[in-house]
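Let's take a friendly walk through one structure, looking at a helix and then at a sheet. Keep the picture open beside you as you read.

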Amino acid sequence: MTGSLFRRLILIAFAIVTITLLLLDTEVRQYVREREVAVVTQRLVRDAKWLSEDLAGIPDSDRQRWVAAAAARSQSRVNLIDTAGALLADSAHDDASTENQARRPEIVGALQKRTGIDVDYSAQPAALVHVAVPAQSHDGTVILKLTAPIEESHATALRQAVFAIALAAALLSLAIAFFISRSLSRRVSRLQQLAAGILGRSQTDRLPGNRGDDLASLERSLAGVAIELRRLLDRLSFESARREAILSGMAEGVLAVDPDLRVTFCNEAFLKAAGFRGNTFEGLALLELVRDPELRELLLSVLQTGAARKLRLKLSVETPRIFEVQSTPLATPAGRGAIAIFHDTTDLERLEQVRKDFVANVSHELRTPLAGIIGYAETLLDGGLDDNANKRRFVEIIRTNAIRLNSIAADLLVLSELEAGGDPPEPDIISIAAVLDSALIIVESEARLREVTLIREQIDVVYVAGSRL
C-alpha cells in the first residue's frame, strides 16, 4: 500500500515519538541534575558543620595543612576566607581563588550567620556546588567554604537507561502504528473500491482531482454514492407516487396486508366499498377495517400457501355489492404479504339476471303462438282439411300465429338495436279491437280444449300508438 494516508500516519507517528523522546530526555536530565545538586549540597552542608566544629582548635599556622586534610576527608575543595572576603587557605591552591569573594552568593549568606549555598552551572567540565558556613578560629570568625562538582556519570547512566527504554517503547509504538496504519489504509482502499463499484466504476477509474489522497478519494467516492443514492431515492419516490396515484385512481378496489394481516395499503375504491369511515387505515387489523370472514380466510390462505386464489363475495351489508376478489402473494420487508384486487361484478350479475329473465319471457312468448300453430296444423292433418266449414279459419289462425312469431322476432331485432345504441322505431297506429280479435284467435284452440267459452263484447273503435306484436 503506497497511499499518502499510510505515509502521513507513519510520519506523524515518527514526529510524535521524536518530540516525546526529546522532551523526555530534557525532563530526565533536568530532574537528575536537580537531584544530584540536592545530594551534593546536602553532603557539603553536613561536612561543613562538623568541619567548622573541628576548626576551632586549629592554630593559624596549621590552616593550610588542615584544609588539605579536610578536603581529603570531605572529598571536596576547602577554603578559609575572612569576613572581608580575602582567602586565608585553599586546598586546591588555585590562583583564581585569590580574588576577593565577599560578593559571592554563598559568602554573603555565610556573613549573614546562615548557610550560604550557590550552584555554578557555567563551570567546566561540570557544574560546582558552593557551601559556605561561619566558623570560629583563634583570631575570630572566618568563613569555611566547601566546593564539590556535580557527578554527571550517574545522570548519564540514568538518562541512557531511560532513553533506551523510551526508544524501545517508541520503536514498538512505530511498529504498532505501522501495522495499524497499513490495515486502516487497506480498509480505506477497500471502501473506496466498494464505493466505486456502487457507482459502476472500475478499480482504476479514479474521480477527478484525486491527488493520491486515500481519504479525499474515499470522500469523493462516498459523495458520488450519496448523489447516486439521492437520484435513486428520487426515482423510487417518483415511481412510488405514480404507482400510488394509479392504484388510488383505479375503479377496482385494492387491498394489501402484511404477514400479520394488518393493512399496509388500500385505495379509495376499496374504502368506499367497505364503508370505512375512519381517518387512517394503515396498521389496522383486517377485521377492524372490514368484517368479512371469507375475505380473511382468502388472504390467510394466500399468506400460508403462497398461491393465488379467487373468490366471489358480498363485501358490505349496508350496500350489498358482489365482488370477484383475486388475491396474490406480495413481498414486503416484514415477510410474505398479500394483495387483493376487487372487481365489482354487481352490474354484470344484474345484467346476467336480466338476460335470464329476458330469455325466459321470450321463451314464454314464443311458446304460445307455436302451440297454436302446432295445434291447428295437427287438427288439419287429423281431418280438418276435409272440414270445408272450418279449414279456412284454421289456416287463418295458423297465419295469425306465424305473423305473431314474426313480430316477436322483429321486436328482438329492435331490442338488439336499442342495446347497440340505435334509434327506437316509429310507433304504429293500432286498433284495440283488432288486437283483441287476434288474441282471442290465438287462445281459441286452447280454450276449446279446456272447455272454456270466450265471449267478446262490443267495444268502441279505439286506436293507440305503439309497436305491434
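Helices here are DSSP runs of H or I with at least four residues, numbered from the N terminus. The model you see is predicted.

**The helix**

Start with helix H2, which covers residues 63–74 and has 12 residues. From its first C-alpha to its last, H2 reaches 16 Å, close to the 16 Å expected at 1.5 Å a residue.

Which residues of H2 are buried? They are Arg63, Trp66, Val67, Ala70, Ala71 and Ser74. Looking down the axis of H2, you would find these buried residues within an arc of 135°, so they line one face of the helix.

Now turn to an open sheet of 5 strands, paired antiparallel in the order E7-E6-E10-E9-E8. Its edge strands each pair on one side only, and they are listed here:

| Edge strand | Residues |
|---|---|
| E7 | 263–266 |
| E8 | 309–314 |

From one strand to the next, the twist averages 25°.

How many bridges join E6 to E7? There are 3, and these two strands run antiparallel, with E6 spanning residues 253–257.

Notes
Residues are numbered from 1 along each chain as its sequence is written. This is a predicted model: local features need pLDDT of at least 70, side-chain atom pairs count only at pLDDT 80 or more; totals for chains, interfaces and linings use all residues. Side-chain values use heavy atoms; hydrogens and water are left out. Two strands pair if DSSP finds at least two bridges between them. Axes are lines fitted to C-alpha atoms, for helices over the stretch in contact, and angles run from 0 to 180 degrees between N-to-C directions. The expected span of a helix is 1.5 Å times one less than its number of residues. Buried means under 20% relative accessible area, exposed over 50%, partly exposed in between (1.4 Å probe, protein chains only). The arc is that of the directions from the helix axis to the C-beta atoms.
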